[in-house]
Amino acid sequence: MSSVSHGARRGWRSMPSALAAVANLKAALDQLATAGGPQAGLSSVATPSSTESPLNWVFLGPPGVGKGTYASRVAKAFGVPHIATGDLIRAEIKSGSDFGAQMKSIVNSGKLLPDEMVQQVLHQRLAQGRRDGEKGFILDGFPRTRAQAVELVRSTPLSLVLNMSLREEVLVEKCMGRRLCKHCGKNYNVADIYLPASPDGSRAAIVMPPLSPPPECAPHLETRADDREDVIRHRLEVYKQEATPVEDFFRAQGLLVDFEITAGIPETLPLLMPLLQSYAGAGRRAD
Ligand SMILES: [Zn+2]
């Protein structure tokens, strides 16, 4: 329980900076609006102004925050690959390589893959990207531990670590609202979230309408067995314990940027993109 309240306090303290960031973004958004609306900002590709600072970004965030979706959208907009270590591992296993077979036997035995294996898969992918002339990457699902973070920074220069967050009660509701159509495999979310702003203005309102299924999917929806409240809370607790040392390390490196999500993806992307554009091509920036 103690780390739950610790996490909550951390979130609280990060709010003023998040609010300041949102305020700064207002100006950037106004510019985008005059250039053809926020959608224009979303579809335009920000090209790093010079070649010397690759767009090497890491996205962190708890389960349920939508990190994979944001990473994928942002990667597309910036013209860099979205690299999810989970996907790399699945692809290596599927490739039938010796290394893949080794990993498969570990995964099948229910054990966690050792750091060195995950790092090797990732290094292979990053080296390939450098050979192919990729101008950066958005890394999702890695690093999970402080040791991995130290090793990553040692081997690859990062320019930004985006730390996405969402109030815990919202994460729980969102996870419990997940539905999978067993007919076509599409994901939906039936959670309808509205939390008013706190009276003192320290916390913004959170508005997340449901992502409702179309009528043809509605009869086929199912909930994943591990999307139960107790399981979700445990998952979040484990995440917090793992993530705190990683966040602290990146913060000390001057790389961490906190971003609190308070709305759905269509409302959040126009806030997130200008923030990220300010980092693209700017290289490593002091806070
Ligand atoms: Zn369906």
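These are my notes on what I looked up in a predicted model.

**Ground rules.** I number residues from 1 along each chain as its sequence is written. Because the model is predicted, I take local features only at pLDDT of at least 70 and side-chain atom pairs only at pLDDT 80 or more, while totals for chains, interfaces and linings use all residues.

**Whole chain.** I find ten helices and ten strands in the protein chain; these are DSSP runs (helices H or I, at least four residues; strands E, at least two), numbered from the N terminus. I looked up burial next: 28% of the 287 residues are buried. A residue is buried with 20 or more other C-beta atoms within 10 Å of its own, exposed with 12 or fewer, and partly exposed in between, the C-beta atoms being placed from the backbone. Among contacts between residues at least 6 apart in sequence, 76% join residues at least 24 apart; a contact needs C-beta atoms, placed from the backbone, within 7 Å.

**M176.** M176 lies in helix α8, residues 168–176. I list M176 as partly exposed because it has 17 C-beta neighbours inside 10 Å. Leaving out residues up to four places away in sequence, M176 touches A191, D227, E229 and I232. I also noted T223, which is 47 residues from M176 in sequence, with 8.1 Å between the two C-alpha atoms.

**Sheet.** I traced an open sheet of three strands in the order β6-β5-β9, with antiparallel pairing. β6 (187–189) and β9 (221–222) are the edge strands, each pairing on one side only. Pairing requires at least two bridges found by DSSP; β5 (residues 178–181) and β6 have three, in the antiparallel sense. L180 stands opposite N187 in β6.

**Helices α6 and α7.** Two packed helices are described by the angle between their axes and the distance between the axes. The axes of α6 (residues 115–131) and α7 (residues 146–155) come within 11 Å and cross at roughly 30°. Axes are lines fitted to C-alpha atoms, for helices over the stretch in contact, with angles from 0 to 180 degrees between N-to-C directions. D115, Q119 and H123 of α6 make the contact with A147, Q148, E151 and S155 of α7.

**Helix α10.** α10 has 15 residues (265–279) and reaches 20 Å from its first C-alpha to its last, close to the 21 Å expected at 1.5 Å a residue. The expected span is 1.5 Å times one less than the number of residues. I find L269, L272, M273, P274 and L276 buried in α10.

Conventions: Two residues are in contact if their C-beta atoms, placed from the backbone, lie within 7 Å.
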